[in-house]
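Here are a few exercises on charged side chains.

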Amino acid sequence: MKRPVTVADILNSVEFELLQHSLMQDDVSEGIQRLRTYQARARVELFGQAKSPSFEDVVNAQFNANEMMTTLIQVMNERLEALRQEVRQAAYLKQHASSTLDSQPNWEPLSNQPLDLNEAQIYAFEFALPASTEMSDRANALKALAESIQDASTDVEIEVRQSQLPIIGGLLHRIRRALHELVLFYTNKVVRRQAQVNDAYNVVLQELVALNRAQAQEIAQLRWHLQRLTAPGAQNDQASNG
Amino acid sequence: MPNVEHTFSVIVNTTDRAASLKILLQALEHQSYPHFEVIVVVGPTHDNTLDILKEYEGRLRILHCPVANLSVSRNIGLRAARGEIVAYIDDDAVPSRNWLLQLNRIFANPLIAATGGVVYLVHPAHSAVQHRLGIISALAEQYDVRSGLLDKLPTTGAERFWTMRMMGTNMAYRRSALLAIGGFEEFYEWVYDDADVALRLAAAGFGVYPVQEAPVYHVPASSRNREVFTYNGRWWIQTKAAVYFSIRNGRAFGVPSKDILRRIAYFVHGHLVWNADLFRRKKISLSQFLKASALEVKGALSGAAKAFSTPTSTDKSVENSHPLPNDPIQPFLNNASGTQGSIDPVTGRRPSVRLVEPPLRIALLSFNYPPERYEGVGRSTNMLAKGLFELGHTVHVLTHGSRETVSFYDGAYVHRVPYRLDRYMHYRRLSKVHHLLNYSHAVHERLYRLRLNDDIQIVDTPLWLTDGFVTAVSGMLPVVVRPVTAQRQIAELQHQRDDDLRLVGEIEEELLRHAQFIVANSHATVRALRQVYNLTDKMKQIDVIPYGIEAVEESETRPFPFHEPPTKLTVLYVGRLEKRKGVADLFQAIPKVLRIVPHVEFIIAGADNSEADGFKRKTGLSYPAYFRKRYPECAASVQFLGEVSEERLQTLYQSCHLFVAPSLYESFGLIYLEAMNYAKPVIGCRAGGIPEVVDDGVTGRLVDPESPEQLAEAMAALLQSPRTLYEYGVAGRQRLLDRFTHIHMARGFAQVYRRVLAETAAMAQSQPTPV
């Protein structure tokens, strides 16, 4: 039987959507941490002591977790796509670099006076590889997520309190147990399917992070290469080296 | 990212647009980020630009550009700049308050050499997003407005060099990077200068990264190149620039010659077709069409010829003005900047008020808003916005719209917020709740950006439709609620009870609980809040500030001409035709009045709401049809106008002799004020906030609700007494001037906002800092 919607449900939904919003503003690793916290909280709310969640509550919580993971993947994908654009741009430049520099219009100088750009300023833009700690943080966060997913994948176990009533206590306990088993049959079915979805998410996230790392390195190399080419005197250096 | 405070040089290039320039300089006084200088590069100007700049002597630097060429002018500014970052803004735009703050935040990333934010066209009649996250190819193919980084991406494998770009109205560069690529290419005298720089920076390995923040509000002004919002312009300059751009950059980036040629042909052909279309639609004459076509071809040829020859060089005198790179900047802001009042970016009007404290930055919410929709909440919000602007405060109104736009209307930036029903799906069967939550969330997201960019301090939401519900729950900003007649009250009055309405009532209650402060429009509203919502714990945070309206000029008022009473009298009713408005009582009273005073005409203005309030379900008829069927002998004396325009409504108020609105409940009754504004006597009920507006026996008459006999008696008595009609009308007008203008209302609200902000700040200070 469906219970009527209350304003407490609405407030919970608003909080969830606000969390989703902040997830999109946050860094990915922090987002993963938030997702973990949400999962943990949902678990306590649903299966904590003296709780008897409805089938609908369990499914709702799982849908919410799915939503959050989808948001995370969407954010990561957006960033990756931006990186992919940069890689494409840089690859294009690398391919045409020599012809670009040769055929470039005389962009140099607004005047014969030296431009007030010194070497130090140029190298202020030098690309640094993403700090290794940042990468390992992300990897750790991901590992934590995988563990949390594994935790959540286990079947929900039956928890029926023993009735203290005389005579009919045993009977009540049996009826309760039968009802709970019925609920659990369906709940576990959903939980198992969710576990499969979680695994799929995990694989996608792992791939995205690996791809992210590879592309960041490639961009760093390409940038470094380009700055060498475009730095004042680069062409002279090339000529003398050649 | 490290918290670095860069120094900025804001460069404004201007020619013959003194009025716009003045607005921009006044708006720059509101910047929250202090470390910037302003450089104005003046072209060959013929208007009073230099007189305006004299007012800022010692606060900004003025340079001269001998030619009307935007790129040359930009380069002059660049060479003179002392800031680490050069930020360009058009002379016909105004920046958001945190414009430089946001740009500074972006430049904290050392990889970024160029950025720029969104450009909104804020002209009231032509509002649109003009530029956001634009991209351009080496062949000048471009998308100016994208919803995100993944929107309208060029397909993989399209062998073009594409890069993100900024619009010249809102762009910023590391000075060193811009100098490293040689500044702006001076062949571009008007357009494509910005795109060309983005492309060259990206090619040189610098990060070009426009963002969705740091908006600039653009009010395009006419110039020597184009007459704004018309077809008149020197469009061939665009063709010349596009051809030059495509050839130079296409060749530089290795695009095959046939592709370049095809692109140029496409562009020129497009302009020729456009000209032909304008001629066909009689927008331009034959001679204009022929001249424009010839100029297009000429432009294309000169662009191509230049692309194959050497580039232009800068003027030697400009080069000599090159400053020492480490000179400190001359800050633009001074001690008085913090207390400068807001400014209308379209007309340049500035309230004459002198502020002692810094002006407030307020977001007002209202689902409906003029000029699109005039209804109670929208109208009172509009009056509040107008009043707050007159007191020098900056006001942003968030209202519903079918697409995202920002315009400036009646003293406030009006942000149209579209929404989709893609959240809160599990409430989709509760239609009202589903819509309400989705819209409120869309408003919240817009407020989030407004807080970032325009430094909004406080949100003011009506209780009606609970626009600010999600923001109040989030705790992002302090929220003040303006309760009016609540959905829960209406549901009870009209005996409507369903889950959807019940939950809307509960959402209203939650909004009130989450609010930092409640401002009721009448004591009746406070009483209703106590009864309907049981808000006893909130009573300390409730204040009463009556609504106000803008008083019309004395010459527009029309007191009753009691020396020469007209032969035919007019009684006006304004409001939706529904039970709560007492329209059924009015119907019963009309025949009684006509029996006593036959030369009266009743004008009923307002939409029929018989379906929503259940009247049609009971009778099978709309209100007008019911009246005509029930009282056929009176039908000739009653005009049902339906919903009327605002202009028509004002004319109706002005021309009537008596105003009547027997509402069973009104939290305040703005309609009575509207009539009093034109010196009209009014009749209302002793219900809700009406007695606080209408002074019984002084400015009009009050009768008991649901009492058609009393109503008929009051109308007949007044219509038979010309002197009373005159005296009540004049007294009503005076009462409005003394207590109920929009300035009175805004002053009260401003005090509340300051109080709430002070309390919020004190609370934040008293809370322990997290370790």
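**Salt bridges in a predicted model**

Asp704(B) and Arg686(B) join their side chains in a salt bridge, with N to O at 2.9 Å. The model is a predicted one, so keep that in mind as you go.

**Exercise 1.** Work out where Asp704(B) and Arg686(B) sit in the chain, and classify the exposure of Asp704(B) and of Arg686(B).

*Solution.* 
- Start with location: Asp704(B) lies in the loop between β28 (700-703) and α23 (708-719), while Arg686(B) is in the loop between β27 (682-685) and α22 (690-693). The pair is 18 residues apart and links distant parts of the chain.
- Next, Asp704(B) has 32% relative accessibility, so it's partly exposed.
- Arg686(B) comes out at 41%, so it's partly exposed.

**Exercise 2.** Find the N to O distance for Glu666(B) and Lys581(B), then decide: are they buried or exposed?

*Solution.* 
- Their side chains meet in a salt bridge at 2.8 Å, N to O.
- Glu666(B) belongs to the loop between β26 (658-660) and α21 (670-677); Lys581(B) belongs to the loop between β23 (569-574) and α17 (583-596). That's 85 residues apart.
- Both residues are buried.

**Exercise 3.** Classify the exposure of Arg281(B) and its salt-bridge partner Asp277(B).

*Solution.* 
- The bridge itself spans 3.2 Å, N to O.
- Buried means under 20% and exposed over 50%.
- Arg281(B) is at 44%, so it's partly exposed.
- Asp277(B) is at 24%, so it's partly exposed too.

**Exercise 4.** How many salt bridges does a search of the whole structure find?

*Solution.* Counting over all chains gives 40.

Definitions and conventions:
Residues numbered from 1 in each chain as written. Chains lettered and ligands numbered in written order. Predicted model: local features only at pLDDT ≥ 70, side-chain atom pairs only at ≥ 80, totals over all residues. Heavy atoms only, no water. Salt bridge = Lys/Arg side-chain N within 4 Å of Asp/Glu carboxyl O. Buried < 20%, exposed > 50% of the residue type's maximum accessible area, 1.4 Å probe, protein only. Helix = DSSP H or I, 4+ residues; strand = E, 2+ residues; numbered from the N terminus.
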